[in-house]
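Hi everyone, thanks for coming. Please have a look at the sequence and the structure on the screen.

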Amino acid sequence: MARQLRIEYEGAFYHVTARGNERREIYRNDQDRNKFLEYLQTGHKRFGIKIHAYCLMDNHYHLLIETPRANISRCMQYINTAYTVYYNVRHNRAGHLFQGRYKAVLVEKEEYLLELSRYIHLNPVRAGIVRRPEQYQWSSYRYYKGDTHPPEFLEQKTTKSYCKDREEYLRFVQEGIGMDINNPDRGAVAGCVLGGEEFVNEVKEKYLDVEKRQEDLPGLKELSRESVNEKDIIGIIKREAKLSQKEKDKLIIYFLRKLTDKTLREIAGEYYKGQSISGVNKIAARLEEKAGQDKFWAKTMKTIEEKLSNVKV
């Protein structure tokens, strides 16, 4: 099996995850969790990383990391190795703690930072550990909520900049409770790049060296994405006579979000004036939820997608 691509450049954003070997626990108590957070702080000081969101579960973790110095590999090797050494000594064990290499998905921040932040903060809720994200001690959500002073390594300004204020961000996260929100990483091209077509192409052209990455060629070949013309999306949806104009507008937003390289900011500005990025994201998420619950919407959206598949370029 080819190793996951490691694409590094200054200012890159990643959704980083790692699981315990054989899905076993990687934290046995609060002391372990606090020690892991200490290594994140050391990573911040030594490598300059910024953590935009985190969540420590029993047998895995989620980190939303920015690397101003293009050093995700060195930083994560340090954090995982140092923590493994600590854990093995403390708990009198030997061998691998984590299941293989960590997974790092390169993220287009304008498009997915807000969505990933919510996904990470709602992990304990989806797992049934707590009913509300602020009840979980081992994620960054309580700092976003302002309940306590944040650690030095946590950067909140960038994520909050996509909302009007703190309260809108909190509402955005809270509204995800009970919604069937898939891991955004499922849309990653070649399992390693999450973003629109323009972002994916820029990554290919600027940061991938095929000659130096022969072991990753299967992944490189997948770094392409078909897109749909914006006019085709609007035209096909407008011809759906059984929908109101308001419903058509929401469908246009949903399919522009899903099938084109337009950013959430562009969609909000062009098709839903006055609406925030989080508002556009909510519209798309609610339509997806509707399709899973309502036969009419499921059929309508499937029909539109089938028609659009015939005009892909």
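I'll talk about some paired strands and then about the cysteines.

First, a word on the source: this is a predicted model, where local features need pLDDT of at least 70, side-chain atom pairs count only at pLDDT 80 or more, and totals for chains, interfaces and linings use all residues. Residues are numbered from 1 along each chain as its sequence is written, and side-chain values use heavy atoms, leaving out hydrogens and water.

Let's begin with strand β1, residues 12–19. Strands here are DSSP runs of E, at least two residues long, numbered from the N terminus. Two strands pair if DSSP finds at least two bridges between them. β1 runs antiparallel to strand β3 (residues 60–67), with 8 bridges joining them; V16, for instance, faces L63 in β3. β1 is also antiparallel to β4, through 5 bridges. There, H15 has V105 as its bridge partner, and T17 sits opposite K103.

Now follow β4, residues 103–107. Another 2 bridges link β4 to strand β5 (residues 193–194), and that pair runs parallel. V107 is partnered with L194 in β5.

How enclosed are β1 and β4? Buried means under 20% relative accessible area, by a 1.4 Å probe on protein chains only. In β1, 7 of the 8 residues are buried, so the rest of the structure largely encloses β1. For β4 the count is 4 of the 5 residues, so β4 is largely enclosed too.

Finally, the cysteines. How many disulfides are there, counting pairs of cysteine sulfur atoms within 2.5 Å? The count is 0. C55 is buried at a relative accessible area of 0%, and C163 is buried at 8%.

Conventions:
Buried < 20%, exposed > 50% of the residue type's maximum accessible area, 1.4 Å probe, protein only. Disulfide = S-S within 2.5 Å.
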